[in-house]
Amino acid sequence: MTAHISQPPTDTRADVRRWRILAVASAAQFLAILDLFAVNAAFPALERSFHGASLSEVTWVLNAYTIVLAAMLVPAGRLADNIGRKPAFLFGMVLFGAASVGCALSPALSILVAARVVQAVAGAILIPTSLGLALPAFPPREHPAVMGIWTAVAAVGAGSGPVAGGLLLNAGWRWIFLINVPVVVLAVLVGRRELPATARGQRTRLDLPGAVLVLATVAGLTTVFTQAPVWGYGSAAILGAALATALCGMLTVRHLRRASDPVISFDLFRNRLFSVAVSGVFLYYLAFAAMILAATLFFTGHWHYSVVDAALGIAPMPASTMATALLSGRIVARVGARTSAMLGGLTLAAACGWWALTVTDRPQYLFVFVPGAILAGVSTALLQPPLFGSAAALPPSQTSLATAVLMMSRQIASALGIAVLTAILGHQTLHGFRVAWLAMCGAALASTVISAWFRGITAGDTTKSPEGAAGP
């Protein structure tokens with residue numbers, strides 16, 4: 001009788017603890033993604049604060065973070081799998097908080113950019129590690145729900161970044177970074193107590209040459225994409241960077257094929273579930289990242305919204321993402337991972353297509369923008385859980401690395417999508433925006449086609465191997 005009475009509280013404590021673990025992991029994901037987008041709204045304020053700084057110089061506050069985050073994800077994910085995810089996570093969180101303080105207190109633009117580089121390194125540690133900590137805390141049947149929440153938090157961070165940045169500007173741009181500090185402190189305190197100790201990977205030496213080559217290749221790619229609109233698409237700097245990146249890429253592939261224990265093993269991509277997911281994520285984010293920037297530019301350039309109003313105007317997108325994310329586990333369980341991912345691509349295509357067909361120079365926020373924003377937000381909650389959840393189909397010792405590869409695909413696609421958007425828009429005419437939204441629609445449809453090859457694991461089939469699990 002005593003044992004029977006004491007058992008429920010134990011289960012209750014375990015249940016509460018796993019949700020705390022997910023909350024801490026999601027907080028890390030949210031901060032890293034939020035700081036990628038929130039700073040966009042601060043560009044005019046930064047130009048005024050650092051007298052004499054040009055817009056091209058100020059954009060390095062964003063570009064430095066984007067480039068370093070993308071380049072460091074894979075080495076950081078591999079390192080976390082090797083040394084243990086809990087110590088890697090806590091170190092990354094402390095480093096992120098310290099870098100945030102450095103950003104807020106920066107007396108010069110160069111110091112702010114340097115602090116953003118450190119912040120990006122910390123973010124690269126946190127993003128893949130957080131999922132590796134969250135998934136093992138839940139039984140396999142609940143993994144779709146966990147992925148729904150984890151990926152939705154990232155999407156909310158992306159969508160609410162401009163909103164948060166615009167609101168915090170009322171108190172000063174430095175608050176965009178200071179607001180991270182209390183979240184970091186709380187996450188570290190709770191994480192030290194609640195996060196489980198994780199087994200380290202095999203004690204092998206990190207493939208430093210491979211890590212450097214991967215870092216150089218990804219940094220080169222993102223530099224070309226982010227700086228092409230600034231330096232000029234046919235400029236000597238961009239052509240030189242593209243040539244150097246291509247050379248690094250060839251050397252990287254050569255090294256990874258020959259190394260005995262490469263930083264990224266091609267065995268990852270022999271898993272069709274994972275390779276399809278990487279492609280689907282890439283195509284989806286070509287459209288998604290460009291879509292958020294296009295909305296802000298259209299609000300300010302054509303509907304003449306203020307920066308703060310434009311930031312608030314995007315709010316229906318993250319709101320619909322979070323609302324749908326609460327049901328994403330049930331949706332994946334009901335229709336299957338493949339169908340959920342395909343619906344996500346189709347819904348984003350519908351959102352971009354709606355804007356291309358209905359937009360005019362006359363502000364019609366409720367009729368034109370809100371329906372598309374809701375569809376775009378829903379698309380994220382449908383597509384991301386199954387595709388990012390493919391990391392769980394690989395051996396547990398590779399979860400952080402697989403997540404890092406997926407995130408790297410997302411970051412490179414985001415940079416490329418924004419570069420393509422900038423090239424299409426030109427002088428930001430109404431016709432240019434329509435062409436841009438149609439291009440986003442095409443990328444979203446391509447993601448849908450790729451997702452048709454995805455054979456995911458539904459909530460009822462989580463014990464099956466990836467090869468044996470079939471979607472509906």
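Ala, Val, Leu, Ile, Met, Phe, Trp, Tyr, Cys and Pro are counted as nonpolar, Asp, Glu, Lys and Arg as charged, and the other residues, Gly among them, as polar. On this basis, the lining of the largest pocket in the predicted model divides into 24 nonpolar residues, 14 polar residues and one charged residue. The space within this pocket amounts to about 1100 Å³. Its lining comprises 39 residues, of which Asn 40, Phe 43, Leu 62, Leu 293 and Leu 297 are the closest to the pocket centre.

At least two lining residues are supplied by each of α1 (2-37), α2 (43-49), α3 (55-58), α4 (60-83), α10 (208-231), α13 (272-301), α14 (307-313) and α18 (399-425). The greatest contribution to the lining comes from α18, which provides eight residues.

The domain arrangement was considered next. The protein chain is divided into domain 1, spanning residues 15-195, and domain 2, spanning residues 269-457. A distance of 20 Å separates the C-alpha centres of domain 1 and domain 2. Contacts between the two involve 38 residues of domain 1 and 34 residues of domain 2. Both domains also take part in the largest pocket, as at least three residues of the lining are drawn from each of them.

Attention was then given to charged side chains. Side chains of opposite charge can pair when their charged atoms come close. Six salt bridges are present in the structure. One of these joins the side chains of Arg 20 and Glu 194, with an N to O distance of 3.0 Å.

Arg 193 and Glu 194 belong, together with Arg 17 and Arg 20, to a network of linked salt bridges.

A further salt bridge is found between the side chains of Arg 270 and Asp 267, where the N to O distance is 1.9 Å. Both residues are located in helix α12 (residues 267-270), at a spacing of three residues, or about one turn of the helix. Arg 270 has a relative accessibility of 65% and is therefore classed as exposed. Asp 267, in turn, has a relative accessible area of 46% and is therefore classed as partly exposed.

Backbone geometry was also examined. Most residues other than glycine have a negative phi, and most peptide bonds are trans. By contrast, the phi of His 304 is positive, with a value near 60 degrees. His 304 is situated in the loop between α13 and α14, and both of these helices are among those that supply at least two residues to the lining of the largest pocket. At 64% relative accessibility, the His 304 residue is classed as exposed.

Methods: Residues are numbered from 1 along each chain as its sequence is written. This is a predicted model: local features need pLDDT of at least 70, side-chain atom pairs count only at pLDDT 80 or more; totals for chains, interfaces and linings use all residues. Side-chain values use heavy atoms; hydrogens and water are left out. On a 1 Å grid over the protein atoms alone, a cavity is a set of points where a 1.4 Å probe fits but cannot get out, and a pocket is an open set with protein on both sides within 12 Å along at least five of seven lines; lining residues have an atom within 4 Å of a point. Grid points are joined across faces, edges and corners, and a volume is the space filled by probe spheres set on the points. Helices (H or I, at least four residues) and strands (E, at least two) are DSSP runs, numbered from the N terminus. Domain bounds come from an automatic or database domain assignment. A salt bridge is a side-chain nitrogen of Lys or Arg within 4 Å of a carboxyl oxygen of Asp or Glu. Buried means under 20% relative accessible area, exposed over 50%, partly exposed in between (1.4 Å probe, protein chains only). Contact means heavy atoms within 4.5 Å.
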